[in-house]
Amino acid sequence: MDFASDNSLEECVIGVLSKQQNESQFDLYEDPNFNQTTHPIVPLKNRSQPTLDTESEAVEWLRPQAFTDAPEYFTSSSGCGIVRVGDINDSWLLGVFAAIAMHPDNLIENVFASESLEAFKTYGIFTCRFYKNAEWIYVTTDTTLAYNQSLPSAQMKASSTDSGHVFFGSTLDRNEMFIPFLEKAYAKLHGSYQSLHASDTIKSNGNSSNAVPTSVRILEAFVDCTGATAYRIDLQDERFGAIDPDGSLLWKKMERLVKKKAILTTQCKQLTLQSTTLPTETTSGILRNRQYIVLYTKQIGLSEESNVLRFVKLKNVWGRGRWKGDWGPNDIKWDEYAHVEANFRNDSECEIHKSKSGKDGLFWMLYEDFLQTFNELFCVNIVSEHENVYPYVIPSQWIGISAAGGPSKSLALGRGTSQLEGKKYRPTEHFIEKSKWRWISESEPSWHRNPQFRLTACEKTSNVVISLLQQDSRLCNGENVAIHFVLERLQPTQRSISYDFPRGAIVAEAHTNDSIDVLLGAPPLGSALNIGIHGTTRQFPDREILREDITLEANTVYHLIAYTDTPKMELAFFLRIFSPKPLRVERVPPMLTRIQHGRWRYDREAAQADEWSDTTAGGPLCRNLITLRHPRDQSLISSPACSGENLSWCKNPQFWVYIDKASLDDKQLKVTHVTLKIVLWKTSHHRMSANTTHRTRVTVESKANSHTEDGRRTSEKSHLIGITAVRVSTNAGDGCECSADEAAGLLMKKETAVAGTPALVHYKKKYRQKTHTFQRERMRSPTKKSHILRKGVLRNGTSKSMKKTYSQCEIVSADAIEQTEFPKDPIPSHFPSPKLIVKPEEWCRVSRYNNSIWGCLFLKKIPIDWLLLQNEDTEIKSSKSNRSLAGLLIVPSTGESEIEGTFELQVDSTVPIQCHLLPQYSYRNCVGKWNENNAKGCHLHADEWQNNPKFFLIIKSVRPASVRITLTRSELEWSRKCKQDAVGSMIGFYVFPSAHRMHRIGDTVPLPKKGPKIPFMIHVDGRPWSETDFLPLYSVTSPPSLTLTATITDPYVILPATYAAGKCGQFVLSVQCDADFTFLSEEQYVNL
């Protein structure tokens, strides 16, 4: 049913009925959407009374004039008479109505929205309003009520001689209509009367039932009827006794609430074996599972004793259940302490003439007895119209990536040390041995995606109330979820968004079903750690959580983060703030998110066949963990060591992250630094996705080493995941480790330099004098475009699988949540070269591999110049041959190589960014090694130089293909060897047209008389070419203009070598090509 936002429906009905009344064709209004036909009374099971039978019990639907002479909304002078529970267990709702009716400001009248108090008599219609989802909803219905004729009239106060009573809740005075009318409107709002039935029952096996507890529904009813904030305090909570052993904190709070005219009710809750409308009494005379209204508190000092007496004044609206303890009605204590009674008589609020005798259900009890008798206290903060309060209501929702859930449990468990108490946690960078690389401590993977709000006060503001109210899911047959919020204070130099759970910087926090927070003036240390993270919330969460008495300092920025217990819990919520002074409340713009999907693949059978290009499971950049000392404070830290550098890392999928200058506005162009948060999620289970051969090997090793710590770590590390971020480097310089101009001069001269030429002799003399010098790349040189990946290659040569990969890229923003399709980014026409090896002096950040589900890399204050890519058309016009590319390369990987799986990469940024997977079909990487058997040196060693490692290149194109070949080695592994023998450690490679044509320039070899016609020599720019220069560098590349024709029978042979024999170590050989090709090692080629 749809409900209006005002009482216009009642006004229209009255207008129509008034015309009919003048024409003598008048009938009272009948609600077509809620009557005995559309919503009949359904029998309720497990009741103490017999199952409802409308025929035998003579239930009729009557107008109030049919069973009473003078119906009125209100008849009791005390605000509410004796309440009678209906034939369903609706006592929880009736207690709420009674408490609101007892409020001194007549709040009950605000629930009725009818313009006239006589309209329900004349036209049979009335309207009530309820606060649902942060707005007032008006419910209009007729005055017909279910009436039961079976009850004798002697039990009712009525002027009519008819027997019976209203079937559902009412007061003993049948003329008083506010409770039956309110209950009918509330039942219509929730669908039926049966939806109001609630009880706290337990099953025969001792477990609680699945019904929503009455405590939760009481709080919701208070919010629905008043629009105020409400919460519950569990007086029997163990933490309550530990924090407030004498109840002094609660007493002060009750005094403040009574003074502010808040609504306070309490009850003695007890689980029952069956649902019943008949309550039981305690030994002290208090009814169980019935609300008593707290009206007043009084403290009196005793002259003969050092202590004081604290009294609580309550009202019983149920007609039975009188307090039999001390200071109860007509108790002897009143005579023993006459001065107490005299003190009460001096206070008009005490109403001692009524409360002493128990008239109108009023009675007193000591505060200590109050704590022992009742176990739940309900508090409702009423905002008076005359009170100077500024209310703020901000609707929002957890949806999509903003439904990020609470803090990570694994991080919480690792941060519970005394060193972090009272401090704000920040991910820190740690040195990695023998390099300028850093590994970054773990960060929250999803916390920053939760909705965040910024609060600022111009002057110091106290007594601020913050409420988080989730949408009423029960209107849609749903259930509440556990919700939380924290309020973080930011420093002036801090960021504009909260990236991690603010431990140590929390000003206030609230959690579902945690009643202890409201008693404390400051947040208890670790409370969020125990509640928000470990999920100790109850089975039935409250719809609203709040925090009172918050103080905001002047000109200080606060961030409020709202979150749920679990991620992907989508629902709407409403942030409500009540402040005595004006505040500035605004939403924190969410980070822009790019999402890419990928896969780590390793298939040994496919690797032996013609599918080596699909191998993308390269493993981490660093394998081992060792203990190092920080260079500043010499404290022991655990860091990945470069001694375990993994050259197969380059086989992992690599993603290019950059900023397109054309996508930035004027404000964003003024930004100097960018913050990135990169999150890697494994989307496949490791047991099902890991390679079979590798898994078998790991299993055997783990069993053999199960008694050692190393064996256990090896079996666990393979399933961990992490991220590496490096800067995009100069493509032209990648091959020769120097600037572009130097590379062109070294690799392509008028006369090709070979071993023994004057060019090489010049280098021999130079490095004999300074053997410790080894050329490195200029770290700040601009990056250059690869000559292989020309414009149009992706558009014309992209395979279907690659197009499918790029179609998975999507942009997610909170402002575009309602869009059904996210805009796709165009695929760039130029890509940087893939990263083969990370140099020790290069900027590199690595996440800590300590989780098998997610990995997070938090990059703070990245210079925007590192990522900013100029307009593509402008750069092409200005420099087509030597174009530089900016950005970062993001490389996700598993804890060990050869582990398969699928993943999702999410890159969050404060400015619009682009993220694309480097086209893996355009390059192949192979990791090789010179060992004692194949490290035979260059061609000067005429006997065995051709026994160096061989790699085979097959071009599958009808046209000549542009090829770039790069030989790279690790500086960390080779630096010491190069210092010892700079000339002998020089590297280079040969390229031959066939295994049968492995001859250099100047070699005289007779042509074969039979067999296919194979080119005798490769030509570059019209000149014969067979090898690169042997250079004292860590990387050597082929000439930029190298073009190879298609191979018909025999593949091209690439032979990497060191200048001198016996130089052992690993290397990476990479081939980039603008046509389809296959790149195999010698072992794979032989098997093929």
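Colleague: Why is Glu586 called partly exposed?
Modeller: Its relative accessible area is 26%. Buried means under 20%, exposed over 50%, and partly exposed in between, with a 1.4 Å probe and protein chains only, so Glu586 is partly exposed. Arg454, at 16%, counts as buried.

Colleague: What makes Arg454 and Glu586 a salt bridge?
Modeller: The N to O distance is 3.5 Å. A salt bridge needs a side-chain nitrogen of Lys or Arg within 4 Å of a carboxyl oxygen of Asp or Glu, so the pair of Arg454 and Glu586 qualifies. Arg454 lies in strand S17 and Glu586 in strand S24 (residues 583-587), so the pair ties together parts 132 residues apart in sequence. Strands (E, at least two residues) and helices (H or I, at least four) are DSSP runs, numbered from the N terminus.

Colleague: What is this model, and which residues does it use for local features?
Modeller: The model is predicted: local features need pLDDT of at least 70, side-chain atom pairs count only at pLDDT 80 or more, and totals for chains, interfaces and linings use all residues. Residues are numbered from 1 along each chain as its sequence is written, and side-chain values use heavy atoms, with hydrogens and water left out.

Colleague: How do you know that Asp908 and Arg449 form a salt bridge?
Modeller: Their closest N and O atoms are 3.0 Å apart, which is within the cut-off already given. Asp908 lies in strand S36 (residues 901-909) and Arg449 in the loop between strands S16 (438-440) and S17 (452-457), so this pair ties together parts 459 residues apart in sequence. Asp908 is buried at 0% relative accessibility, and Arg449 is buried at 10%.

Colleague: How many salt bridges are there by this rule?
Modeller: The count comes to 35. One network links Lys132, Asp224, Asp472 and Arg543.

Colleague: What makes S10 pair with S11?
Modeller: Two strands pair if DSSP finds at least two bridges between them. S10 (residues 292-301) and S11 (residues 308-315) have eight, in the antiparallel sense, so they pair. Tyr296 stands opposite Lys313 in S11. S10 is also joined to S9 (residues 263-267), by three bridges and again antiparallel.
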